[in-house]
Amino acid sequence: MEQKLLELQNEAISQIENAEDLKSLNDIRVAYLGKKGPITEVLRGMGKLSAEERPKMGALANDVRSAIQEKLDEKLNRLEQEAVLKQLESETIDVTLPGRPVKQGNHHPLTRIVEEIEDLFIGMGYQVAEGPEVEQDYYNFEALNLPKGHPARDMQDSFYITEDTLLRTHTSPVQARTMEKHQGKGPVKIICPGKVYRRDNDDATHSHQFMQIEGLVIDEKITMADLKGTLEVFAKKMFGSDREIRLRPSFFPFTEPSVEMDISCKICGGKGCSVCKGTGWIEILGAGMVHPNVLEMAGFDSKKYTGFAFGMGPERIAMLKYGVDDIRHFYTNDIRFLKQFAKYEA
Ligand code: 2U9
């Protein structure tokens, strides 16, 4: 029996050493130290032993049991430590590894241009005013000196929704609404960015939906000089202090006198090239002194108040600034086109 016990001990210990995981370790414990285990079996056979052999065998059996238990505990600790180490390893984060690049979008080029122009005029004390894209005929046309049947209306072919409701063809109705809210009291100093709609066939330079930024200043003693000064500051900040501006006579129903503003061509420095069609100048915006009819219709005393207004197309400025040759790129959401502007992100 003594031999049997020692064999069991060696057998159990070699199995414990080869155990790979906690489960097989537990199986060994149950197999050897369990109620039905061989050591228990041996102890049950103690009855057949002599009185002097029994204590010796009992002590040996307990030694074997505790030797096996000790080995089990030892192996258990090691396996648990190994499990913890493995888990730590699997959870170890190599902080020196580069982070996974988070695909960050970027501002749409038109948003960049509009925000740049907004910041520029906010810096000159203007407030940003916005209004509905679905507009009333009155604010889109009549309030702007374009009475029903006025031929100039056709120049702005419109998406009518009802007899008197349309998709606005310019952001000027926002200025007309704002003037009305002022109930004839100045000053008014606003810029109005936003989407506008004209029933047009899309091509490289026309889109049925495009953007505008218009501006309006109304106060006492506002002159053409104020307009020219403002446009000069705008042009130099937006296109570079080395640019010249030129004002040419023009016509808009809602301004009198009216002008168009050109800036000197950056490509040829004014000598003439394909970009400026040989003129040396590039048209940027239209402007003028607010027509007295427009002032009066909005409740301003045109003898006391004067004002200037201007209007520009952000697409045109973006096409010049970024060298884009087709306005439709701004609207067809081709990621290859849009992600080119990621490099401009701060
Ligand atoms: C009020 C009074 C006057 C806004 C103006 C322009 C000239 C102009 C064009 C720019 C690019 C239209 O999209 S575009 O082709 N706009 O040239 N806009 S003066 O004049 C106003 C507006 C509102 C109450």
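Hi everyone, let's start with a strand pair: β6 and β10 run antiparallel and are joined by 7 bridges. Strands here are DSSP E runs of at least two residues, helices are H or I runs of at least four, and both are numbered from the N terminus; two strands count as paired if DSSP finds at least two bridges between them. Within this pair, Asp219 has Thr306 of β10 as its bridge partner.

Before I go on, this is a predicted model, where local features need pLDDT of at least 70, side-chain atom pairs count only at pLDDT 80 or more, and totals for chains, interfaces and linings use all residues. Residues are numbered from 1 along each chain as its sequence is written, and side-chain values use heavy atoms, without hydrogens or water.

Back to β6, which also pairs with β5 (residues 188-197), antiparallel over 10 bridges. There, Gly194 stands opposite Gln212 of β6. Is β6 enclosed by the rest of the structure, or open? Largely enclosed, because 10 of its 11 residues are buried (under 20% relative accessible area with a 1.4 Å probe, protein chains only; exposed is over 50%, partly exposed in between).

Now, the largest nonpolar core has 45 residues, and Phe234 and Phe310 have the most contacts inside it. By core I mean buried Ala, Val, Leu, Ile, Met, Phe, Trp, Tyr and Cys residues joined through side-chain atoms within 4.5 Å. Elements supplying at least two residues each include β6 (209-219), α9 (224-239) and β10 (306-312). Another core, of 21 residues, lies apart from it, with Leu144 and Phe254 among them.

Finally, friends, Val84 sits in helix α4 (residues 53-91) and is partly exposed, at 46% relative accessible area.
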